Amino acid sequence: MEKGFPKIMMVDDDAEDRQIIKDTFEDLGYGAVIHFEENGEEAVKYLQQCLPLLPSLIILDLNMPKMNGTQTLRFLKGNRTFTAIPVIIFSTSLNPIERDECLALGAHSYVIKPISYTQTVDVVKHFYNLCNELSKTGSSSQG
């Protein structure tokens, strides 16, 4: 059983994308590990309420209303409280300029959203395994 709080936070305004990821986490037995927010503004509020128990990993969509992914990433990496949390950009955008900007801002990695269930399972396993790896080391270091 999990330690009482989600270790992964996913921020995505697309209800269908959230549901697919949620279902896949549950299918794999990881359901209690993930928490969802719909935009960057809500994610920041949630994180501020979590203190001092912050998630080990944040999965962040780029195209969202209110506070988009790039704005949210910039906020997180500019705030000492949240800067150590690795952020994976999870987007449909194949734009290399966007990818490079996110990596330059401190994103851990940039993952293109899957288009099949098999790919979704692989991506969810990657997120879960990375989260476990980060939990064991106690933190993440931006390379």
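## Contacts along the chain

Take contacts in the chain between residues at least 6 apart in sequence: 69% of them join residues at least 24 apart. The model behind this figure is predicted.

## Fold and dimensions

The chain has 5 helices and 5 strands. Read from the N terminus, the order is β-α-β-α-β-α-β-α-β-α.

The C-alpha trace spans about 35 × 35 × 30 Å along its principal axes. How does the radius of gyration fit a compact globule? For 143 residues, such a globule would have a value near 15 Å. The chain has 14 Å, which agrees.

## Burial, surface and charge

Of the 143 residues in the chain, 46% are buried. The accessible surface comes to about 7500 Å². Carbon and sulfur atoms account for 51% of that surface.

Charged side chains number 13 positive and 19 negative. The centres of the two sets lie 8 Å apart.

## A look at K113

Where does K113 sit? Its place is in the loop between β5 (109-112) and α5 (117-137). Is K113 buried or exposed? K113 has a relative accessible area of 11%. Buried means under 20%, so K113 counts as buried.

Which side chain makes a polar contact with the side chain of K113? That partner is D12, at 2.6 Å. Leaving aside residues up to four places away in sequence, K113 touches D12, D17, D61, F90, S91 and T92.

Note on methods:
Residues are numbered from 1 along each chain as its sequence is written. This is a predicted model: local features need pLDDT of at least 70, side-chain atom pairs count only at pLDDT 80 or more; totals for chains, interfaces and linings use all residues. Side-chain values use heavy atoms; hydrogens and water are left out. Helices (H or I, at least four residues) and strands (E, at least two) are DSSP runs, numbered from the N terminus. The radius of gyration is taken over C-alpha atoms; the globule rule is 2.2 Å times the number of residues to the power 0.38. Buried means under 20% relative accessible area, exposed over 50%, partly exposed in between (1.4 Å probe, protein chains only). Contact means heavy atoms within 4.5 Å. Accessible areas come from the Shrake-Rupley method with a 1.4 Å probe; for residues, only the protein chains shown count as cover. Lys and Arg count as positive and Asp and Glu as negative; His and the chain ends are not counted. The place of a charge is taken as NZ of Lys, CZ of Arg, CG of Asp or CD of Glu. A polar contact is a pair of N or O atoms within 3.5 Å; within protein, one must be able to donate a hydrogen and the other to accept it, and residues adjacent in sequence count only if both atoms are side-chain atoms.
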